[in-house]
Amino acid sequence: MFVDSLLIVSVSIVLNVVAEGLSWLLIYRHDQYKSLKRRIDNAHRKLEDTQSEREVKRLEAGLQVMNRDLFFLRMKGGLILMGIFMTFLSVITSVYEGYAVARLPFEPWRFLRPLSHRGLLGEDWYDCSAPFLYIMCSMGVRGNVQRLLGFAPRGSDSMNMFGPPSRSQ
């Protein structure tokens, strides 16, 4: 059970690092992204320094348009990455069908039981299925990998619980 858990956690970490590498390849390295990101950062700085309400509204409207453009630029890579994650989830689900890969130190809340016990036989709610472990690890690792590689979205530093607080706090 321990080896299987370790394998799933390792696959999740490696897959997240590979996914961020693909994100860099598909999105972050292109001049269009860099230019748009630089314009958004400049607009945020101007917005912080501006006192005129009329100027603030104008900057916020421009910032909203730029953020929308950035969203659509990232969406292409996001769809490809979602396909990769779903493929690995399907593979992990089929390989570990009916097999508990971990033992939870707590009994999950009632609404989480179908997720944590998915595909397992019996009523022992402390057993953890492979898809649940994979999803939880991916969710926990992704943000940290993005921060480590410098791809984290603006404002995500406030959620960093392992480092010193940012200056804005």
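Predicted model: local features only at pLDDT ≥ 70, side-chain atom pairs only at ≥ 80, totals over all residues.

1. Helices here are DSSP runs of H or I with at least four residues, strands are runs of E with at least two, and both are numbered from the N terminus. Serine 5 counts as buried because its relative accessibility is 13%; buried means under 20% relative accessible area, exposed means over 50%, and partly exposed lies in between, with a 1.4 Å probe and protein chains only. Beyond residues up to four places away in sequence, serine 5 touches Val101, Ala102 and Leu133, a contact being heavy atoms within 4.5 Å.

2. Residues are numbered from 1 along each chain as its sequence is written, and side-chain values use heavy atoms, with hydrogens and water left out.

3. The overall plan comes next. The protein chain has five helices and two strands, and from the N terminus on its elements run α-α-α-β-α-β-α. Of its 169 residues, 32% count as buried. Among contacts with a separation of 6 or more, 63% join residues 24 or more positions apart.

4. Helix α3 has 43 residues, and its first and last C-alpha atoms are 59 Å apart, close to the 63 Å expected at 1.5 Å a residue; the expected span is 1.5 Å times one less than the number of residues. A kink of about 35 degrees is centred on methionine 75 of α3, where the bend is the angle between axes fitted to the seven residues ending there and the seven starting there. The buried residues of α3 include Val56, Leu63, Leu70, Gly77, Phe85 and Thr93. Their cover includes α1, α2 and α5.

5. Two packed helices are described by the angle between their axes and the distance between the axes. How do α1 and α3 run relative to each other? Their axes come within 10 Å and cross at roughly 160 degrees; axes are lines fitted to C-alpha atoms, for helices over the stretch in contact, with angles from 0 to 180 degrees between N-to-C directions. The two helices are therefore roughly antiparallel, since angles over 145 degrees count as such, under 35 as roughly parallel, 65 to 115 as roughly perpendicular and the rest as oblique. The residues in contact include Ile8, Leu15 and Leu22 of α1 and Leu73, Ile84 and Phe88 of α3.

6. Helix α2 (residues 31–49) also packs on α3, at an angle of about 155 degrees and with the axes 10 Å apart. That makes α2 roughly antiparallel to α3. Among the residues that meet are Tyr33, Leu36, Ile40 and Leu47 in α2, and Leu59, Met66, Asn67 and Leu70 in α3.

7. Leucine 26, in helix α1, counts as partly exposed at 25% relative accessibility. Leaving aside neighbours within four places in sequence, leucine 26 is in contact with Lys76, Gly77 and Ile80. Leucine 26 and isoleucine 80 are 54 residues apart in sequence, and their C-alpha atoms are 9.5 Å apart in space.

8. Helix α5 (residues 130–149) has 20 residues, which should span 28 Å at 1.5 Å a residue; its end C-alpha atoms are 27 Å apart, which agrees. α5 bends by about 25 degrees at valine 141. Its buried residues include Phe132, Tyr134, Cys137 and Val145, and what covers the buried residues of α5 includes α1 (2–28), β1 (100–103), α4 (113–116) and β2 (127–129). Glycine 150 follows α5, with a positive phi near 85 degrees.

9. Is glutamate 20 buried or exposed? Glutamate 20 lies in helix α1 and is buried, with a relative accessible area of 1%. Not counting residues up to four places away in sequence, glutamate 20 touches Tyr28, Arg142, Val145, Gln146, Leu149 and Phe151.

10. Arginine 142 is in helix α5 and counts as partly exposed at 26% relative accessibility. Its contacts, apart from residues up to four places away in sequence, are Asn16, Glu20, Leu81 and Phe85. Arginine 142 and asparagine 16 are 126 residues apart along the chain, yet their C-alpha atoms are separated by 5.9 Å.
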